Amino acid sequence: MADVIRIENLTKSYGKKRGVTDISLTVKEGEIFGFIGPNGAGKSTTIRSMLGFLNFDKGAITILGKDSVKEHVGILKEVGYMPSEALFYPTMKVSEVIKFAADARGLDCREEAEMLCERLQLDTGKRIKELSLGNRKKVSIVCAMQHKPKLFVFDEPSSGLDPLMQSTFFELIKEYVKKGATCFLSTHVLSEVSRYCDRAAIMREGRLIKVDMVDNLTESTAKSVKVTADGMHEEYMYNGDINELVKKLSERKLQNLYIEEPSLEDMFMHFYEGKEEVR
């Protein structure tokens, strides 16, 4: 499969403030690729550099075979981008905003836009200022999808959507990808990555620390241990022989003990916090 996104040694500095350092990754055609990390990890900086919205200090980025610096206008014609916070003219009607976005591309997207609005249950007769956060997100989704781009780039897309609409949104992504599109999904909602993404990259403090298949990132033999013993409460991940753990704990005066499968958040936390191993 061809590389839809190729980032090589991307570095962007904001002076004393953290940017991103030496980011390198590729996204293959037809992938739903997760880009994850806590707020401030450098996800949005990377995306804005990819799309030509930021001048970066070092590196090279190719999107759909085009140079992100020299050909960013051409790239944007083939990309459906949804920023984390989209702003629209507040007095415009939803239908007017959607048409405005299509007209800016010189395209007639009425049929696709109608389908998307119906699926997302979006009232096109309302004005932007009358909409809730969730419904403004829906407008962003329609504007990003209606021209059926080759590449979707979403930055925290599901925040503000109710669970039903989140499910509908990801069903739409899967349908477009099945038809040949590629999706680059930036999020800190780990369950979304686990459920929908093929591969994922983990960012921490402006650096890329891991890229792998999602199944590999979430695979773990570790157990989540919560124990109250000798008047002290402890919580940790344990990755050794469970019999040895029980033997050690039996030597203490136990008040409470829980040993269970770790949550998705627990499994990723050692990446976020820079922990190389669990106990």
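Predicted model: local features only at pLDDT ≥ 70, side-chain atom pairs only at ≥ 80, totals over all residues.

Visitor: How many aromatic pairs are counted, and by what rule?
Guide: Two rings of Phe, Tyr or Trp (its six-membered ring) form a pair if their centres lie within 6.5 Å; planes under 30 degrees apart count as stacked, over 60 as edge-to-face, and the rest as tilted. The count by this rule is 8 aromatic pairs.

Visitor: What makes Lys179 a charge over the ring of Tyr176?
Guide: The rule asks that NZ of Lys or CZ of Arg be within 6 Å of the ring centre and within 35 degrees of the ring normal. Lys179 lies over the face of Tyr176, at 6.0 Å from the ring centre.

Visitor: Why is the contact of Glu31 and Arg199 called a salt bridge?
Guide: A salt bridge needs a side-chain nitrogen of Lys or Arg within 4 Å of a carboxyl oxygen of Asp or Glu. The closest N and O atoms of Glu31 and Arg199 are 2.6 Å apart, so the pair qualifies. The bridge links distant parts of the chain, 168 residues apart: Glu31 is in the loop between β2 (17-28) and β3 (32-36), and Arg199 is in strand β9 (residues 199-204). Helices (H or I, at least four residues) and strands (E, at least two) are DSSP runs, numbered from the N terminus. In total, the structure holds 12 salt bridges.

Visitor: Are Glu31 and Arg199 buried or exposed?
Guide: Both Glu31 and Arg199 are buried. A residue is buried under 20% relative accessible area, exposed over 50%, and partly exposed in between (1.4 Å probe, protein chains only).

Visitor: How do the salt-bridge partners Lys99 and Asp103 compare with these limits?
Guide: Lys99 has a relative accessible area of 51%, so it is exposed, whereas Asp103, at 43%, counts as partly exposed. Their side chains meet at 2.7 Å, N to O. Lys99 and Asp103 both lie in helix α3 (residues 94-104), 4 residues apart, about one turn of the helix. An α-helix has 3.6 residues a turn, so residues three or four places apart point the same way.

Visitor: What makes a set of residues a nonpolar core?
Guide: A nonpolar core consists of buried Ala, Val, Leu, Ile, Met, Phe, Trp, Tyr and Cys residues joined through side-chain atoms within 4.5 Å. The largest core has 41 residues, and Met145, Phe154 and Ile173 have the most contacts inside it. Helix α6 (residues 163-178) supplies the largest share of this core, 7 residues. A second, separate core of 24 residues includes Ile7, Leu25, Phe33 and Ile63.

Visitor: Which residues does Ile173 contact, leaving aside its neighbours within four places in sequence?
Guide: Contact means heavy atoms within 4.5 Å. With those neighbours left aside, Ile173 is in contact with Ile32, Met145, Phe154 and Cys183.

Visitor: Why is α5 described as largely enclosed by the rest of the structure?
Guide: In α5, 10 of the 13 residues are buried, so the helix is largely enclosed by the rest of the structure. Its buried residues, among them Lys137, Ile141 and Met145, pack against β6 (79-82), α3, α4 (110-120), β7 and α6.

Visitor: Why does Lys148 count as exposed?
Guide: Its relative accessibility is 54%, so Lys148 falls in the exposed class. Lys148 is found in the loop between α5 (133-145) and β7 (151-155), and has a positive phi of about 50° although it is not a glycine.

How values were computed. Residues numbered from 1 in each chain as written. Heavy atoms only, no water.
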